[in-house]
Amino acid sequence: MTTSNAPAAVTAKGHIFAMLDVDGDGVISRQEYLARPERAAAALGRGGDDPLVLAALTAHERVYASMDSDGDGRVTFDEYATWAGAEAFDDVCRQALGSLFDLADTEIDGTLSRAEFTRLRVALGNPAENAETAFDALDTNGDGRIDRDEYLGSIRAYVTDGASPMAEALHEGCAVSTGACGAGVRR
Ligand SMILES: [Ca+2]
Ligand SMILES: [Ca+2]
Ligand SMILES: [Ca+2]
């Protein structure tokens, strides 16, 4: 299991929790979490009967159930901190993040173009202004596309180490655009 006490890793965890606790009441509610794929689907023009939307909802349900260990429909920071880590990422988060990627990949070529990335980012409630910076940080091989492995690998590195191109992107305020599913690092 990957664990880290690095300041960057602790910062990453705080960033992700704050991003998912949309109303800032110190709890990630079920509704707050499940609104993410719903909002993305609606903004990307996908209906509720789209198999990709159903897959995204199922994947997010699974993450929430995993994260909410006492099953009360509220994820506190302590609950989140105990749960989050590389293991949670590999078990459930990779699938949820991949599902958002697939929703945004409207050309179905397995990569996100700048336009597709920006649409996903806006769909998840972030302003489009710094999409360029975020895109450049995530396009690690600089080919003008973010492929699925590049995308998921960057987020995994961020949630386990707090250090990756994702950190730069998050510090630009683009946390929501990454679609981070809630897997942060363990203390
Ligand atoms: Ca909340
Ligand atoms: Ca709970
Ligand atoms: Ca594409």
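Modeller: The model is a predicted one. Let us begin with Arg145, which has a relative accessible area of 30% and is therefore partly exposed.

Biologist: What makes Arg145 and Glu107 a salt bridge?

Modeller: The closest N and O atoms of Arg145 and Glu107 are 3.5 Å apart. The criterion asks for a side-chain nitrogen of Lys or Arg within 4 Å of a carboxyl oxygen of Asp or Glu, so the pair qualifies. Arg145 sits in the loop between helix 7 (131-138) and strand 4 (146-147), and Glu107 in the loop between helix 5 (86-104) and strand 3 (111-112); the two are 38 residues apart.

Biologist: Why is Glu107 called partly exposed?

Modeller: The relative accessible area of Glu107 is 49%. Exposed would require over 50% and buried under 20%, so Glu107 is classed as partly exposed.

Biologist: How do you know that Arg114 and Asp136 form a salt bridge?

Modeller: Their side chains meet at 2.8 Å, N to O, and the limit is 4 Å, so the pair is counted as a salt bridge. Arg114 lies in helix 6 (residues 114-123) and Asp136 in helix 7, so this pair ties together parts 22 residues apart in sequence. Arg114, at 30%, is partly exposed, and Asp136, at 44% relative accessibility, counts as partly exposed too. Elsewhere, salt bridges with shared partners join Asp90, Arg94 and Arg156 into one network.

Biologist: What makes Glu61 and Arg30 a link between parts of the chain?

Modeller: Glu61 forms a salt bridge with Arg30, with the closest N and O atoms 2.4 Å apart. Glu61 belongs to helix 3 (residues 51-67) and Arg30 to helix 2 (residues 30-43), so the bridge ties together parts that are 31 residues apart in sequence. Glu61 has a relative accessible area of 36% and is partly exposed; Arg30, at 38%, is partly exposed as well. The count for the model comes to 9 salt bridges.

Biologist: Turning to the rings, why is the pair of Phe17 and Tyr80 called tilted?

Modeller: The centres of Phe17 and Tyr80 are 5.4 Å apart, and their planes are at 55°. Phe17 is in helix 1 (residues 7-20) and Tyr80 in helix 4 (residues 77-83), 63 residues apart, and the pair links distant parts of the chain.

Biologist: What makes Tyr80 and Trp83 a tilted pair?

Modeller: Their ring centres are 6.3 Å apart and their planes are at 45°, so this pair is tilted. Both residues lie in helix 4, 3 residues apart, about one turn of the helix. Phe17, Phe77, Tyr80 and Trp83 form one aromatic cluster.

Biologist: How do you know that Tyr80 and Trp83 are buried?

Modeller: Buried means under 20% relative accessible area. Tyr80 has 0% and is therefore buried; Trp83 has 11%, so Trp83 is buried.

Definitions and conventions
Residues numbered from 1 in each chain as written. Chains lettered and ligands numbered in written order. Predicted model: local features only at pLDDT ≥ 70, side-chain atom pairs only at ≥ 80, totals over all residues. Heavy atoms only, no water. Phe/Tyr/Trp six-rings, centres within 6.5 Å; stacked < 30°, edge-to-face > 60°. Helix = DSSP H or I, 4+ residues; strand = E, 2+ residues; numbered from the N terminus. Buried < 20%, exposed > 50% of the residue type's maximum accessible area, 1.4 Å probe, protein only.
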